[in-house]
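Biologist: I've got a two-chain model open and some questions about how it's put together. Could you walk me through it?

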Amino acid sequence: MQKQEGKQMPGAQILIETLIEQGVTDVFGYPGGQVLNIYDELYKASDRIRHYLTAHEQGAAHAADGYSRATGKVGVVIATSGPGATNLVTGIATAMMDSVPMVAITGNVPTSLIGRDSFQEINITGITLPITKHNYFVTDVNELADTIREAFQLAKSGRPGVVLVDIPKDVQTAMGTYLPQDIVPFAEEEEVPDAEIDQAVELINEAQRPYIYIGGGAAGEGMSDMIRALAEKIDGYVGCTFMGLSALPNSYERFLGMEGMHGQYASSMANKDADLIIGVGVRFSDRATGNTEKYAKGAKIIQLDTDISEINKNIQVELGLVGNIVSSFKRILDRCEKKEHPEWRETVEAFKAEGKRIRDKEEETAGPALTPKKMFDVINAVKDADTVIATDVGQHQMWTAQYVDFERTRRFASSGGLGTMGYGLGAAIGAQIGSGDRTVLITGDGSFGMNLNELATAVTYNVPVVIIIMDNGVLGMVRQWQTLFYGKRYSNTVLGRKTDFVKLAEAFGAEGCRVWTLEEFRTAFETAMQHNGPYVIDAMIDKDEFVLPMLPPGGSIDDIITSREEAEE
Amino acid sequence: MKRFVIAVYVENKYGVLTRVTGLFMRRGFNIDSLTVGETEDPAYSRITISMHGNENDKAQLINQLKKLYNVKNVRQMDKDTSMERELILIKLENTPETRSEVMAAAEVYRAKIIDYSPRTLCVEVTGEPSKINAFIEVMKPLGIVEMCRTGAVALERNRCIVDK
């Protein structure tokens, strides 16, 4: 091998060269005083790395997050010091809570001015300490390249997360040595010992009512096929958490969908009745389990996770397998016996029938107006397997989780852990840019109002994102809780705004239309899906639509609410 | 609620202590004491934490600490196989009525009088935290002016926190 001499260049250029070396082709961000040098180098390298300018740093952070969810690559966001950096905070926390790999790069004032409350100075490493996997404050230009390399390694390895690198301006301008390096393979995750795999296999072989419960950690390479193979082999069923959506095709007959607070009746019931739960990359969050005292009391639980601290964190499990999820799962699949559980099949099929009955009943009572369920029937019929679905947070998000038929992995971008309203538009733009596939953002008038400025970004880059605003003039999810638990005192949830989203779309340079009926919606959606650029559909729905079924907070499946009348009793 | 002692081997870098203590805050761990100091290798520091909790709290604390990038290893200091010490400086009123009792107790506890002035005297005691607690109890009626404990430090007898 030829010995390579390092090249002398300023820190800002070292940064860009290292990003390119790490395989980065797209970055999102917003320039400012303390990142001028970085933007200067981006300008010079614009044939090798594309930068997308958003309307606000928060939108850039969500875009990097959506980009990562749709591609599996590390999302990259750049912001300046002070307000630029603090504007990233919600985006970083959102990605971190959902274990999305992301590298955030911020500029800071020169080291000589640090700690003096200088103009646009902020201690962003301090601020993001609890919401990053790790962060760095770079003080030596010759450590910059390795720091960036380490940041990418950390963001993606083990349980993915966000890494922030704060680079003071003098480090960006200082001359340093850059020596290109190959991407180092990730440190091997530990393999689960054979004895533990055998223990798991034994529990599975003994089980009469096995249930596989998948989460965000089940999106690894080849998992979708292996999960189906295991379900067939052990004659079990599969349910998922919110973050597990899109890991399996909804059409798979053993897949019961999401469980939890607004989950499907069948999956919540199967979870309750199972005698063995195989949790794969799940963290048993409160929204998924309800009252942990009553959760899965009759079942033994096996938990597969890459993060040891998830074992026994929220729920005590029989057996925790810590290590590479994909390989552990494969070893279990290879070793367990082929089983038949006709009684279990019968039970779960009955749950499925009851779940369908509940849903059909809802539909009958709904009348002729535009309802969420009917809208999703249209969306499912028109979209294709590659369409990416992004959402904001609220009722529309839960309807998406309940009704959208996902067909393949990495087609869903939604803030599950943090529940960030205003996440959707930025994320949809990032997901579309990353995947190259048409993206549909399902949002509400409340959430959309938070970060609608990113429409400008979608127009600038002519991103084909279809924005469906489920417009009910209220903050529907909070209103639903007020209806149920706060005596219908609708405190500050009736928006009463006069915003015309169609004119707004036009003002931003996008297309838009308003629909009241199902037929209008169908026509609009078909048009939008063919449109070359962003398209806003303002879909008027009733303010008193409910997300059902619902398990009241802290309740269990025994407290399930399946109809409005039942809810209001 | 059991008491346990955890040793954390960390990189001796700016901000590492903040990362460790920040973790306690956001995970809601309530610790009794924390000490930190350089180790035989100046590139690393050793943090000793003592806390009360159940087995689950302990496991969470250890596992969450292990996830911090600057943390190289975490071990529980088992009571039977490790040595634990704490130091206290305790300043007492120096009066003719209490002086002799303080000095007698210091003798029994193998404590040292490290300062003697007309108004106060100061005693240094080293030992296991239970001994320190007992000494404080004895001193309470004798007029404690102020005191300062270091918190526990611990080493295992037959093994190291990192391979040597």
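Biologist: Let's start with strand β18 of chain A: how many of its residues are buried?

Modeller: Keep in mind that this is a predicted model. Strand β18(A) covers residues 465-471 and is mostly covered. A residue counts as buried once 20 or more other C-beta atoms lie within 10 Å of its own. By that cut-off, the buried count for β18(A) is seven of seven.

Biologist: Which residues of β18(A) point one way and which the other way?

Modeller: In a regular strand the side chains alternate between the two faces of the sheet. One set here is A:V466, A:I468 and A:M470, buried like the rest. Pointing the other way from β18(A) are A:V465, A:I467, A:I469 and A:D471.

Biologist: And which strands does β18(A) join, with which residues as partners?

Modeller: Six bridges link β18(A) to β17 (residues 439-444) of chain A, running parallel, and in that pairing A:I469 faces A:T443. Another six bridges, again parallel, tie β18(A) to residues 535-540 of chain A, strand β20. There A:I467 has A:V536 as its bridge partner. So the strands you asked for, as DSSP bridges define pairing, are β17(A) and β20(A).

Biologist: Over to the open sheet in chain A with six strands: what is the strand order?

Modeller: Strands of a sheet pair through backbone hydrogen bonds, either parallel or antiparallel. In this open sheet the pairing is parallel, and the twist averages 15° from one strand to the next. The order reads β11-β10-β9-β12-β13-β14.

Biologist: Why do β11 and β14 of chain A each have one side without a neighbour in the sheet?

Modeller: Both strands, β11 (255-258) and β14 (319-322), have a single partner strand. That leaves one side of each without a neighbour, because of where they stand in the sheet: at the edges.

Biologist: Inside that sheet, which residue of β13(A) stands opposite A:I278?

Modeller: Strand β12 (residues 276-280) and strand β13 (residues 300-305) of chain A run parallel and are joined by five bridges. Follow A:I278 across to β13(A) and you land on A:I302.

Biologist: What about helices: at what angles do α9 and α13 of chain A run?

Modeller: Helix α9 (residues 194-206) of chain A packs on the sheet and touches β9 (210-214), β12, β13 and β14 of chain A. Helix α13 (residues 325-335) of chain A lies across β12, β13 and β14 of chain A. For α9(A) the angle with β14(A) is about 135°, and for α13(A) the angle to β13(A) is about 135°.

Biologist: Zooming out, which element gives the largest share of the side of domain 1 of chain A that touches domain 3 of chain A?

Modeller: Chain A splits into domain 1 (7-178), domain 2 (194-349) and domain 3 (370-541). The C-alpha centres of domains 1 and 3 are 29 Å apart, with 25 residues of domain 1 in contact with 25 of domain 3. On the domain 1 side, β2 (26-29), α3 (57-71) and α5 (89-97) each give two or more residues. The largest share, 11 residues, belongs to α3(A).

Biologist: Last one: which element of chain B gives the most to the side that touches chain A?

Modeller: Chain B has four helices and nine strands, and 24% of its 164 residues are buried. Contact with chain A involves 11 residues of chain B and eight of chain A, with α1 (16-27) and α2 (55-67) of chain B each supplying at least two residues on the chain B side. That side has two nonpolar, six polar and three charged residues. The element giving the most, six residues, is α2(B).

Note on methods: Residues numbered from 1 in each chain as written. Chains lettered and ligands numbered in written order. Predicted model: local features only at pLDDT ≥ 70, side-chain atom pairs only at ≥ 80, totals over all residues. Contact = placed C-beta atoms within 7 Å. Nonpolar A, V, L, I, M, F, W, Y, C, P; charged D, E, K, R; others polar. Pairing = 2+ DSSP bridges. Axes fitted to C-alpha atoms, helices over the stretch in contact; angles between N-to-C directions. Buried ≥ 20, exposed ≤ 12 C-beta atoms within 10 Å, placed from the backbone. Domains from an automatic or database assignment.
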